[in-house]
Amino acid sequence: MHNYAQQIFVLTPAQLESFVEDWIQQRSKEYHSYQRWSGTGDLGRDVTGYVTSQRMGGLWDNFQCKQLGSKLSERSLFVELGKIFMHAAAGAYSLPRAYVFVAPKGVVRPALAFISDPAKFKQAFIDRWDKLIASYLVQGQVVKLSPAIEAQIKEFDFAKIDYLDASKLAKDPACMAALVKWFGADPGKGPSGVVPAVIEASESAYLGQLLTAYNERGPSNYPDPQAALVCPQIGPHLSRQRTRFFDATAFDRFYRDSTPPELMEQFRHEIYHGVVDVHQGDHPNKFMRVNQVMQQAAVLHATGVLGKHAGPQVKQGTCHMLANEGVMPWDA
């Protein structure tokens, strides 16, 4: 098995922030949006995930990237968190919902002990402020534990402090897209589609276009897809198209979750350009157009990791997805 943790180890600090940004981007179900803060003036934030459209005004999570030559020290743990409480007390922002250290080489055992015991950690934070934190927040200054800062510390849920080392990060399912982008990882073969017995709204557009093609060809007219499916002459053909459509839908969903978004767009772009000339060519009828496009799609060779895993049904079904979206309709 490929050791991606080792490759994360050798990223520069700036690259690690960018890698984490790509990881957060893929966690779209958890966040409304995200932001990377670079350089001076980040106020203790590297990458932030926003739960709502209010961004820093609503719930947010902080991901602090610490690409170090060794494990994250106890002092660094306290100082980095101290920055958050200092700036929150000054009114720069509200406290984050959660705080995650992304430390590829891990954290030292005393730091791990604090993270594992939130109540002890909170009390130690107050007790050790003067010794471990006060002189290290602002260069040349000593930041005393003011009542405002202490109130922020007491308000924060220390159970929401965690860390990710390189191994944990690489194993996170949402990290696969970043691993593909940065290290050429292969997300593997996606699942096959499941064809529902009942026609779904998501497939209504291309199925309606196919009905136009079937009715034009004759000899029968089909008022709806269900009527066509039970027809001995045309039912098997329509059933194959639905299998292809749902295989392509499952393929699209799997690889959008496990690869950078531009790869799926590139795949669809290649399928479109591989069949569009056939689609727009001269055909005896629309039914023959569908069949000739299907034949062409089946033998296309798409590039990259998606091309490696795209079988004939996926490529054919992608044409139905394009028809469904009005990009390349069957009844034009």
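1. Helix axes are lines fitted to C-alpha atoms over the stretch in contact, and angles run from 0 to 180 degrees between N-to-C directions. Helices are DSSP runs (H or I, at least four residues) numbered from the N terminus. The model is predicted: local features need pLDDT of at least 70 and side-chain atom pairs count only at pLDDT 80 or more, while totals for chains, interfaces and linings use all residues. Residues are numbered from 1 along each chain as its sequence is written, and side-chain values use heavy atoms, without hydrogens and water.

2. Helix α13 (residues 261–279) packs with helix α16 (residues 312–324) at about 85 degrees, the axes being 10 Å apart. The two are therefore roughly perpendicular (angles of 65 to 115 degrees).

3. In contact (heavy atoms within 4.5 Å), Phe267, Arg268, Ile271, Tyr272 and Val275 of α13 meet Val314, Lys315, Thr318, Cys319, Met321 and Leu322 of α16. This contact comprises eight nonpolar, one polar and two charged residues, where Ala, Val, Leu, Ile, Met, Phe, Trp, Tyr, Cys and Pro count as nonpolar, Asp, Glu, Lys and Arg as charged, and the others, Gly among them, as polar.

4. Aromatic pairs (Phe, Tyr and Trp rings, the six-membered one for Trp, with centres within 6.5 Å) number 26. The rings of Tyr4 and Phe183 have centres 6.3 Å apart and planes at 20 degrees, so this pair is stacked (planes under 30 degrees apart). Tyr4 belongs to helix α1 (residues 4–9) and Phe183 to helix α9 (residues 176–183), so the pair ties together parts 179 residues apart in sequence.

Terms used:
Parallel < 35°, antiparallel > 145°, perpendicular 65-115°, else oblique. Phe/Tyr/Trp six-rings, centres within 6.5 Å; stacked < 30°, edge-to-face > 60°.
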